[in-house]
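Please look through the structure shown below, and then follow this report as it moves from the packing of helices to a metal site and to some backbone angles.

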Amino acid sequence: MVKENIASILAAYSFNSFEDFSFHPFGAGLIHGTYLIDSGEDKYILQEFNTTVFQFPERIAHNQRQIKSQGDDSLLPFTLPLPIPNSAQKLITEWNGKLFRLFEFVSGQTIQQITNLNQAYLASKAYGVFADWGKIVETHKLQECIPDFHRLDLRFATLQKVAADKESISIEDQEILDFYLGQKALIAEYKKYQSVLPHRLTHNDTKINNLIFSNDFSKVEALVDLDTLMDGYLMYDFGDLVRTVACSESETSQYWDNIKLEIPVFEELLKGYWEGVNSLATAEETKSLILGGEVMTCVMGLRFLTDYLQGNIYYRVEYPTQNFHRAKNQMLLLKSIQASKAELTEIWKRVTQSSN
Ligand code: GN1
Ligand code: MG
């Protein structure tokens, strides 16, 4: 992006009175291109929309308007930074055939990995409080921004098909593929829940870097990356926290021997999330939280492997086998979660059955 182009995009916003600005790429998202714009006085986030991934941008804008109008976000203890409307009152600005959005910059700290247990607790509680707040939102009025986003059964079926269509698969790839194709029991367990779990407003991308902490890390200031706000299950949001926050290594790590579930972190996550959702969750939903980490780790592993076999058409990669490595990383985490199931169930009992 060059500066003149950014200036022409900013011209679509009526508040834009600053004469000069600096900008640089910002954040660690895998999907959109993100820039921090600094006028000296104010800071904004400009995002170039990835229309390959989000094929229905208008659905995102629709959902964000619905959520704003149905829910009172001033009741939340943190902000939900939604796009600033342009002069035509649109949340999305078209420029040169591309789509952009502008956000107020929320200052604070973002992290890729936790450095203490309290950060896990605060993060998880924020997503739990958000789910509880969202109970007033009529989710049937929301649209699917990405159809079947966390549908484990369908992601599994897609990998099966993509793998079957491949002419040849290397021995190394086959090992990981076999692991994922062997997850039929998990798929069956997930499918049982589908018929009993209530539909909730969920964030659907509850990674630690999608929230902004205060500078002293005493509270969460904002939940960001609100493109996938839509109808989902509580176990998706709790599960993605387990996947990303309670893993000893990051999603891109290749220290294979070090990748495992950190059980004390799982416990903090559950405590935090449960404080947010305990008055909301049905008995089935409460039970489903134990499975969340497995479901979401498997969903992501399936997606990374599928993308790798399809030639990296979805996720941004730094080298050709990165999606394969991400799929291997998720496989090792999933194995570790599955091996810890008895211990996780004990923690679950302690946390969720004591405050009832
Ligand atoms: C994508 O762009 P980012 O990092 O916020 C993805 C998530 C995955 C994540 C894996 C719309 O999110 O589902 O969990 O990468 N978002 C979309 O790091 O596909
Ligand atoms: Mg993100």
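The crossing of helix 5 and helix 9 is left-handed, and this description, like those that follow, refers to a predicted model. Helix 5 covers residues 171-181 and helix 9 covers residues 283-309, and their axes, which come within 11 Å, cross at roughly 145°. On the side of helix 5 the contact is made by Asp-173, Ile-176, Leu-177 and Tyr-180, while helix 9 contributes Cys-298, Gly-301, Leu-302, Leu-305, Tyr-308 and Leu-309. Sorted by class, the residues of this contact are 8 nonpolar, 1 polar and 1 charged.

Helix 9 also packs against helix 4 (residues 152-165), at an angle of about 25° and with the two axes 9 Å apart. Because angles under 35 degrees count as roughly parallel, helix 4 and helix 9 are described as roughly parallel to each other. Helix 4 passes helix 9 in a left-handed crossing. Helix 4 takes part in the contact through Leu-152, Arg-155, Phe-156, Thr-158, Leu-159, Val-162 and Ala-163, and the residues of helix 9 that meet them are Val-295, Cys-298, Val-299, Leu-302, Arg-303, Leu-305, Thr-306 and Leu-309. Divided by class, the contact of helix 4 with helix 9 has 11 nonpolar, 2 polar and 2 charged residues.

A further pair consists of helix 3 (residues 117-133) and helix 7 (residues 234-245), whose axes lie 10 Å apart and which pack at an angle of about 165°. That angle makes helix 3 roughly antiparallel to helix 7, because angles over 145 degrees are counted in that way. The crossing in which helix 3 passes helix 7 is right-handed. In helix 3, Ala-120, Ser-124, Tyr-127 and Ala-131 meet Leu-234, Phe-238, Leu-241 and Val-245 of helix 7. By class, this contact of helix 3 with helix 7 has 7 nonpolar residues, 1 polar residue and no charged residues.

| Helix pair | Angle | Axes |
|---|---|---|
| Helix 5 and helix 9 | roughly 145° | within 11 Å |
| Helix 4 and helix 9 | about 25° | 9 Å apart |
| Helix 3 and helix 7 | about 165° | 10 Å apart |

Which residues coordinate the magnesium ion (ligand 2)? The ion is held by Asn-210, through its OD1 atom, and by Asp-225, through OD, at 2.2 to 2.5 Å. This pair links distant parts of the chain, 15 residues apart, since Asn-210 belongs to the loop between strand 6 (200-202) and strand 7 (211-213), and Asp-225 to the loop between strand 8 (220-223) and strand 9 (230-232). Asn-210 has a relative accessible area of 6% and is therefore buried, whereas Asp-225, with a relative accessible area of 29%, is partly exposed.

The backbone, finally, deserves a look at two loops. Phe-217 has a positive phi of about 60° although it is not a glycine, and Phe-217 is found in the loop between strand 7 and strand 8. With a relative accessible area of 21%, Phe-217 is partly exposed. Asn-312, which is likewise a residue other than glycine, has a positive phi near 60°, and its place is in the loop between helix 9 and helix 10 (322-339). At 22% relative accessibility, Asn-312 counts as partly exposed.

Note on methods. Residues numbered from 1 in each chain as written. Chains lettered and ligands numbered in written order. Predicted model: local features only at pLDDT ≥ 70, side-chain atom pairs only at ≥ 80, totals over all residues. Heavy atoms only, no water. Axes fitted to C-alpha atoms, helices over the stretch in contact; angles between N-to-C directions. Helix = DSSP H or I, 4+ residues; strand = E, 2+ residues; numbered from the N terminus. Left-handed = near helix turned anticlockwise from the far one by under 90°. Contact = heavy atoms within 4.5 Å. Nonpolar A, V, L, I, M, F, W, Y, C, P; charged D, E, K, R; others polar. Parallel < 35°, antiparallel > 145°, perpendicular 65-115°, else oblique. Donors = N, O, S within 2.8 Å, 3.2 Å for Na, K, Ca; no water. Buried < 20%, exposed > 50% of the residue type's maximum accessible area, 1.4 Å probe, protein only.
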